[in-house]
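Trainee: Could you walk me through this one slowly, piece by piece?
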Amino acid sequence: MSGVRVLVGTRKGAFVLESDGARRDWKVGGPYFPGWEIYHVKGSPADPNRLYASQSSSWFGQLIQRSDDGGATWTPVGNEFSYAHQPGTHQWYDGTPHPWEFARVWHLEPSLADPDTVFAGVEDAALFRSSDGGATWTELASLREHHTGSAWQPGAGGLCLHTILLDPADARRIFVAISAAGAFRSDDAGATWKPINRGLRSEGIPDPDAEIGHCVHRLAQHRAQPNRLFMQKHWDVMRSDDAGDTWREVSGNLPTDFGFVIDVHAHEPETIYVVPIKSDAEHFPLDGSLRVYRSRTGGEQWEALTTGLPQRDCYVNVLRDAMAVDSLDACGIYFGTTGGQVYVSADAGETWNPIVRDLPAVLSVEVQTFL
Amino acid sequence: MIRVVLPAPLRAVGGLPSEITLEVREPTQAALLDALEARYPVLRGTLREHATRRRRAYVRFFACGRDLSHEPSDALLPAAVACGAEPFVVIGAMSGG
C-alpha cells in the first residue's frame with residue numbers, strides 16, 4: 001500500500017507524520033529530541049529506513065542522530081565538524097575579518113546511492129561528508145577555500161550552507177547555496193567549485209558580474225531535468241537552464257518576490273511552487289493571507305493557491321527548508337510554518353489541509369514516499 | 001570516586017543515569033571531563049568545544065555551592081567533590097525560551 005512519511009524539524013524537537021496514499025488521516029509521532037532545535041531530518045533515497053537528523057542547542061552544541069528503522073529508534077553518531085587546514089577568516093557584518101567558527105548543521109543530504117554517505121551543510125558555511133553513516137565527518141575544504149571565501153559575509157541568519165543538491169544524472173556534480181555568498185557548483189565530486197551567480201541582481205551589489213554576495217535562499221531541481229534549476233533569492237525568483245551558468249528572473253506576476261522556499265512538482269519539471277513573503281523586513285504573507293503560488297510554465301505566470309489556507313490574520317513565515325513534495329501519482333505538496341502548522345495538498349496544490357496545527361516553529365519538512 | 005550530575009537534556013541524549021560516578025586519578029576539572037567523555041563518548045562536544053576543549057559558553061559547573069565554571073581546567077576540584085561527598089553539577093545557563 002502506498003504511503004508517505006513526513007519528517008518535520010522544529011525549534012523544540014522532531015516529529016514524524018505518517019499517512020497512507022490518500023493523505024487524509026495522519027499518525028503524528030514525536031516529539032523526538034524534545035527541547036532541542038532540529039534544523040533538518042532527511043531519509044536516504046537508497047534506504048528509506050535510514051534517517052539522519054541535525055540536533056543542536058545553544059547550550060550543548062551539535063549532535064547528529066541516525067535511525068536505521070525509519071525513525072522508531074535513534075542513535076547519536078559523530079558530531080565533530082572540524083574545518084580542514086587553518087580556517088582563516090570570512091567577512092563579518094561590518095566588513096572586518098572574522099574567524100571561521102562552526103555553529104550548527106543546517107542541512108543533511110544523504111547520497112542518492114549509498115545510505116552510509118551523507119553530506120552536511122553547516123554554519124559557518126562549509127560542506128562536510130561522512131562515508132560511514134555519520135560516525136566521522138570530513139570537510140570538502142576547497143569550497144570554503146575558494147578564492148572568494150575570505151569575502152563571504154553572513155546573511156541575517158548567519159553564514160550558512162543551507163542547500164545541497166546531488167545531481168541524479170551525474171554523481172560527480174553537486175550544487176550548494178550559501179547565505180549570503182551565493183550558489184556554487186562542483187563537477188568533480190567536491191574537489192573544485194565554481195560560483196554560479198551570473199544573472200543575479202541584488203540591491204547593494206552594483207556589479208552585475210559579481211561572483212559572490214547574493215543571498216540565495218533556496219535552490220530546487222527536478223530529477224528529470226537536472227540542468228534546470230530554480231532559485232528563491234532574498235528577492236527574486238530565478239531560473240537557470242544551464243546548470244547555473246546563467247540565471248534569469250521569472251518572478252513574473254508574483255505579488256512579492258521575496259520568500260524562502262521553492263520546490264518542483266514531482267512529475268512536471270515546469271511546475272514550481274513558492275510562498276511569497278511580504279518583504280525582508282516583514283517576514284509574513286501579504287495582507288495576512290497565506291498563499292502558495294504555482295507556476296506551470298517554469299516561472300513568469302503564477303497562480304495563487306488558497307483553498308484550505310488561512311486567508312486572514314495569518315502572520316507566519318515559511319522557512320527555506322520547510323517545503324517538500326512527494327512522488328505519488330497525484331503529487332503531494334507540503335510546507336511548515338513558524339506558527340507550527342504543517343499543511344498538505346494531496347492534489348498538487350489545489351486544496352490544502354493542516355496535518356498538525358500546533359507544533360513548535362517548523363524549521364524543515366521532508367517527505368518520503370512509499371509506492 | 002567523583003559523582004557527576006548532568007542536566008536533563010544531556011541525560012536524555014545518552015540515556016544516562018541521573019548521577020554518574022567516575023574514578024579519576026588526579027581530581028582536576030579537565031581530568032574529570034576527560035573521564036566523563038571517555039565513559040560516554042556521546043558527550044564529546046556537548047560540554048567542551050571539540051577543537052579547543054574550552055567549556056561551551058552556556059555550560060556551567062557548580063559544586064559545594066560554588067561556581068567553578070571559570071576555574072582553570074587543571075585546578076584541583078574541591079576536596080568534598082574529590083572524595084564523593086558532594087557532586088560535580090553541570091547545568092545549562094539560564095537563557096532563551
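This is a predicted model: local features need pLDDT of at least 70, side-chain atom pairs count only at pLDDT 80 or more; totals for chains, interfaces and linings use all residues.

Trainee: OK, chain B then. Which residues of helix α2 are buried?

Mentor: In helix α2 of chain B, residues 29-39, the buried ones are B:Gln29, B:Leu32, B:Leu33 and B:Leu36. Buried is used for a residue with 20 or more other C-beta atoms within 10 Å of its own, exposed for 12 or fewer, and partly exposed for in between, with C-beta atoms placed from the backbone. Helices (H or I, at least four residues) and strands (E, at least two) are DSSP runs, numbered from the N terminus.

Trainee: Why do they line one face of the helix?

Mentor: Seen down the axis of α2(B), the buried residues fall within an arc of 95°, so they line one face; the arc is that of the directions from the helix axis to the C-beta atoms.

Trainee: And what covers them?

Mentor: The cover includes β1 (2-5), β2 (20-22), β3 (59-63) and β5 of chain B. Contact here is taken as C-beta atoms, placed from the backbone, lying within 7 Å.

Trainee: Which strands does β1 pair with?

Mentor: β1(B) is joined to β2(B) by 3 bridges in an antiparallel arrangement, with B:Arg3 opposite B:Thr21. With β5(B) the pairing of β1(B) is parallel, over 2 bridges, and there B:Val4 stands opposite B:Phe88. Two strands count as paired if DSSP finds at least two bridges between them.

Trainee: What about B:Val90, is that buried or exposed?

Mentor: B:Val90, which lies in strand β5 (residues 88-92) of chain B, is buried because 23 other C-beta atoms lie within 10 Å. Leaving aside neighbours within four places in sequence, B:Val90 is in contact with B:Val4, B:Val5, B:Leu6, B:Pro7, B:Leu47, B:Val59 and B:Phe61.

Trainee: Changing topic: how many residues of each chain are in contact with the other?

Mentor: On chain A there are 13 residues in contact with 15 residues of chain B. Strand β6 (residues 61-67) of chain A gives the most to the chain A side, with 3 residues. That side divides into 5 nonpolar, 7 polar and 1 charged, where Ala, Val, Leu, Ile, Met, Phe, Trp, Tyr, Cys and Pro count as nonpolar, Asp, Glu, Lys and Arg as charged, and the others, Gly among them, as polar.

Trainee: Now chain A. Which residues touch the most other members of the largest nonpolar core?

Mentor: Of the 130 residues in that core, they are A:Val6, A:Val8, A:Val176, A:Tyr334, A:Val342 and A:Val365. A nonpolar core is a set of buried Ala, Val, Leu, Ile, Met, Phe, Trp, Tyr and Cys residues joined through C-beta atoms within 7 Å. Strand β15 (residues 174-179) of chain A gives the most to this core, with 5 residues.

Trainee: What is A:Val365 in contact with?

Mentor: Apart from neighbours within four places in sequence, the contacts of A:Val365 include A:Val6, A:Val8, A:Tyr334 and A:Val342.

Trainee: Why is β12 of chain A largely enclosed?

Mentor: In strand β12 (residues 126-130) of chain A, 4 of the 5 residues are buried, so the strand is largely enclosed by the rest of the structure. β12(A) pairs with strand β11 (residues 118-123) of chain A in the antiparallel sense over 5 bridges, and a hairpin joins β11(A) to β12(A) through 2 residues.

Trainee: Last one: what is the strand order in the sheet that has β26?

Mentor: The order is β26-β27-β28-β29 in chain A, an open sheet of 4 strands with antiparallel pairing. β26 (323-325) and β29 (353-356) of chain A stand at the edges with a single partner strand each, so one side of each is left without a neighbour in the sheet. Inside this order, β27 (residues 333-336) and β28 (residues 342-345) of chain A pair over 4 bridges, and A:Ile333 has A:Ser345 as its bridge partner.

Conventions: Residues are numbered from 1 along each chain as its sequence is written. Chains are lettered from A and ligands numbered from 1 in the order in which they are written. Two residues are in contact if their C-beta atoms, placed from the backbone, lie within 7 Å.
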